[in-house]
Amino acid sequence: MKKYYPIKRGFLKKTVAYVKAVDDVSLYVNEGETFGLVGESGCGKSTLGKSLLRAIEPSGGSIRFRDRHDELVDVMDLDYKGLRDIRRNMQMVFQDPYSSLNPRMTVLNIIGEPLICNKIARGEELRERVKYLMEVVGLNSRHLERYPHAFSGGQRQRIGIARALATNPKFLVCDEAVSALDVSIQAQIINLFQDLQNEFNLSYLFISHDLGVIQHISDRVGVMYVGKMVEMASTEELFANPKHPYTEALLSAKPIPNPRLKKERIILRGEVANPANPPSGCYFHPRCPYAQEICKQQAPEFKEISSGHHVACHLANELELKGAVGI
Ligand code: SF4
Ligand code: MG
């Protein structure tokens with residue numbers, strides 16, 4: 001999967017370069033599984049999530065989705081109507097429960113909108129379905145005529161989740177879906193996501209910059225840096241046995257539950273690379289404490305170094321990196 005944005009210059013708006021927001025990233029999400037995508041802001045996580053649903057148009061690649069009739073559909077081949085149908089199966093939950101809900105619509109209309117748009121239900125049937133969805137996400141179904149401002153942040157996120165579930169999807173892209181919430185509310189919403197997953201056999205692509213959240217919810221994790229996937233492994237393996245220096249640095253910055261366990265935080269030199277003008281070779285080399293000559297010259301391949309553990313680093317097999325402390 002790729003998403004390149006052209007940089008245009010001059011009177012003729014000639015394309016002079018491309019910003020490689022998502023650069024040849026491959027991943028799969030199994031049925032009933034949570035794939036956590038982590039990385040600093042601007043690394044392409046959201047772009048990747050939206051591209052998977054073609055909410056923004058990818059520049060290339062393929063997106064295969066097993067639909068409810070167990071057929072493998074190439075989402076990139078779909079026309080407008082096909083895309084509308086497949087979107088019933090693939091939905092998105094956004095970061096900000098404050099701005100993603102229309103303040104002038106009642107909860108009934110917000111949650112019911114996808115049902116009306118897809119001609120799934122209306123009238124009394126719609127009300128009943130919305131009430132059911134509200135109960136599923138832990139809201140009081142008597143409040144269906146209320147407006148978003150009458151709800152707390154956590155409740156608004158529940159409304160957003162109910163809306164995403166309205167069409168009975170199989171796959172949700174959750175983009176920083178708990179990041180705007182207080183920690184205690186975060187935990188409740190994460191638990192809700194897990195309960196819903198068990199109940200409806202949902203698959204999630206869970207995007208977050210917060211490693212604690214990712215560790216808690218994910219079965220497998222992918223780490224992105226400047227539009228590329230640099231490491232991918234099961235959650236356990238990635239946290240205990242990271243093989244990419246960037247992952248090690250991210251883990252070293254993760255707060256630990258027990259403050260008596262000491263750890264050294266790795267402070268990275270310099271800034272995140274500019275995706276419009278990335279460094280040569282390995283994009284991470286100007287900041288990497290282990291960089292060698294080859295790192296400046298050659299981009300490392302994304303390779304499987306042990307079962308299910310993929311890394312893009314020339315020294316992946318040589319470095320002894322530190323995992324997360326206290327897990
Ligand atoms: Fe560091 Fe080199 Fe590995 Fe890149 S390839 S992460 S610069 S050691
Ligand atoms: Mg983002």
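**Exercise 1. State how confident the predictor is in this model, over the chain and over the complex.**

*Solution.* Start with the pLDDT, the predictor's confidence in each residue from 0 to 100: the chain has a mean of 91, and 96% of its residues reach 70 or more. For the complex, the predictor gives an ipTM of 0.95 and a pTM of 0.93. Since this is a predicted model, local features need pLDDT of at least 70 and side-chain atom pairs count only at pLDDT 80 or more, whereas totals for chains, interfaces and linings use all residues. Residues are numbered from 1 along each chain as its sequence is written, while chains are lettered from A and ligands numbered from 1 in the order in which they are written.

**Exercise 2. Decide whether lysine 8 is buried or exposed, and describe its surroundings.**

*Solution.* First place the residue: lysine 8 lies in strand β1, residues 3-9, where strands (E, at least two residues) and helices (H or I, at least four) are DSSP runs numbered from the N terminus. Next apply the cut-offs, by which a residue is buried if 20 or more other C-beta atoms, placed from the backbone, lie within 10 Å of its own, exposed if 12 or fewer, and partly exposed in between. Lysine 8 counts as exposed because it has 11 C-beta neighbours inside 10 Å. Finally, leaving aside neighbours within four places in sequence, lysine 8 is in contact (C-beta atoms within 7 Å) with Lys13, Lys14 and Thr15.

**Exercise 3. Identify which residues of helix α3 are buried, and what covers them.**

*Solution.* In α3, residues 107-117, the buried residues are Val107, Ile110, Ile111, Gly112, Pro114 and Leu115, and their cover includes α4 (123-136) and α5. Taking isoleucine 111 as a case, and not counting residues up to four places away in sequence, its contacts are Val130, Leu133, Met134, Ile159, Ala162, Arg163 and Ala166. Just after α3, lysine 119 takes a positive phi of about 50 degrees.

**Exercise 4. Determine how many residues of helix α9 are buried.**

*Solution.* Helix α9, residues 245-252, is mostly covered, with seven of its eight residues buried. The cover over these buried residues includes α7 (211-217), β9 (220-225), β10 (228-234) and α8 (235-240).

Methods: Contact = placed C-beta atoms within 7 Å.
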